[in-house]
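Please look over the sequence and the structure before going through the points below.

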Amino acid sequence: MSYSPAQLVQHYLTEQVSPPVGSLPPQGVVWPVYVSSMPQDVDQCVAIYDTKGMTYGRNMRTGEKVVRPGIMVRIRAAGPEGPQGAIDFGMLIVAAFDVVKNLTFSIGNTEVTIAAISRQGNLVFAGEEPERQRVIYTLDAIVIATGY
Amino acid sequence: MQATLRYITTYSAKKVKHFPHAMVAAAKILLRASRKIVPIDTKALYESGRVEYSGAGNKTIATVTYGDEKAYYAVWVHQDPTKVHGAAFNQKYAAEIARGLTHPRRPEERYKFLEEPARDEAVQSEMATEIARVLGETT
């Protein structure tokens, strides 16, 4: 089975970081980390999306083009403490991204290695949902990984 | 030896002098590529796209940016994958478009309208070529 970079990062955050950064839905209820969608009825959650990657030239030996995929993390929080909660949780994700280095782990029967997750800037305040006044923060990154 | 040093100094000074122009020219290419896919509704977002630069000489930094008082939502649109744009918008709101309640969008419009062209190999290559051209490194 193959996985997307967003799924890799979801598993990394929820199962490889200690203590976990978020939880794996559907069981996890504290900062559930979704992939490619954000349920409307969950006020406090994270979603990771696959985005356009970056080309890093070609492999000198094989000629294969090297593309490193991109991800975007969206953090949603509500209530009076929403913004601070989103920032605090976002900074945990930032810290988790910054420390990962050649980490090998299994998802199901697939062994993957995340060499690095390279942030493309800092946590960005994207705005507030007009309907429910929930704040959204985002974080973009490039994933350097193999085996997925 | 002195003639060589003089040549290098003159050569470097010429490059430094043209560097800001090269940076701005390259940024304009990125802006143009971005404007092809930026979502247009009121056109405020499209029109807020601009090139800014700071610094001088070979420390010049050119920036492509969107958002102003009218288009305060620029970051929101750029970072929101849940909204439909372009061809998907036209399909979803075909009935409203037919009744004249909204207008059809350009099919290629999408979120990440600045990040994606910035990561596009063809755009990067065009920018590099333009920088080289302005600096006089190609014919």
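Within chain A, strand 6 (residues 124–128) has the lowest confidence, with a mean of 91, while strand 1 (residues 33–35) of chain A has the highest, at 96. The model is predicted, and it scores ipTM 0.85 and pTM 0.87.

**Confidence**

- The average pLDDT of chain A is 92, and 100% of its residues score at least 70.
- Chain B also averages a pLDDT of 92, with 99% of its residues at a score of at least 70.
- Where pLDDT is low, predicted coordinates should not be read in detail.

**The loop between helix 1 and strand 1 of chain A**

- A:P19 lies in the loop that runs between helix 1 (5–16) and strand 1 of chain A. The peptide bond joining A:S18 to A:P19 is cis, and its omega is about -5 degrees.
- A:P26 is in the loop between helix 1 and strand 1 of chain A. A cis peptide bond leads from A:P25 to A:P26, with omega near 10 degrees.
- A:W31 is likewise placed in the loop between helix 1 and strand 1 of chain A. Its phi is positive, near 45 degrees, although A:W31 is not a glycine.

**Helix 1 and helix 7 of chain B**

- Helix 1 (residues 2–35) of chain B packs with helix 7 (residues 121–134) of chain B at an angle of about 155 degrees, and the two axes are 8 Å apart.
- Because angles over 145 degrees count as roughly antiparallel, helix 1 and helix 7 of chain B are roughly antiparallel to each other.
- The crossing of helix 1 of chain B past helix 7 of chain B is right-handed.
- On the helix 1 side of chain B, the residues in contact are B:H18, B:H21, B:A22, B:A25, B:A26, B:I29, B:L30 and B:A33; helix 7 of chain B contributes B:V123, B:E126, B:M127, B:E130, B:I131 and B:V134.
- Sorted by class, this contact between helix 1 and helix 7 of chain B holds 10 nonpolar, two polar and two charged residues.
- Helix 7 of chain B consists of 14 residues and spans 20 Å from its first C-alpha to its last, close to the 20 Å expected at 1.5 Å a residue.
- After helix 7 of chain B comes B:G136, which has a positive phi near 75 degrees.

**Contact between chain A and chain B**

- Chain A and chain B give 11 residues each to the contact.
- On the chain B side, helix 3 (74–79) and helix 6 (115–118) are the elements that give two or more residues.
- Helix 3 of chain B supplies the largest share of the side that touches chain A, three residues.
- By class, the side of chain B that touches chain A has six charged, four nonpolar and one polar residue.

Technical notes:
Residues numbered from 1 in each chain as written. Chains lettered and ligands numbered in written order. Predicted model: local features only at pLDDT ≥ 70, side-chain atom pairs only at ≥ 80, totals over all residues. Axes fitted to C-alpha atoms, helices over the stretch in contact; angles between N-to-C directions. Helix = DSSP H or I, 4+ residues; strand = E, 2+ residues; numbered from the N terminus. Parallel < 35°, antiparallel > 145°, perpendicular 65-115°, else oblique. Left-handed = near helix turned anticlockwise from the far one by under 90°. Contact = placed C-beta atoms within 7 Å. Nonpolar A, V, L, I, M, F, W, Y, C, P; charged D, E, K, R; others polar. Expected span 1.5 Å × (residues − 1). pLDDT = per-residue confidence, 0-100.
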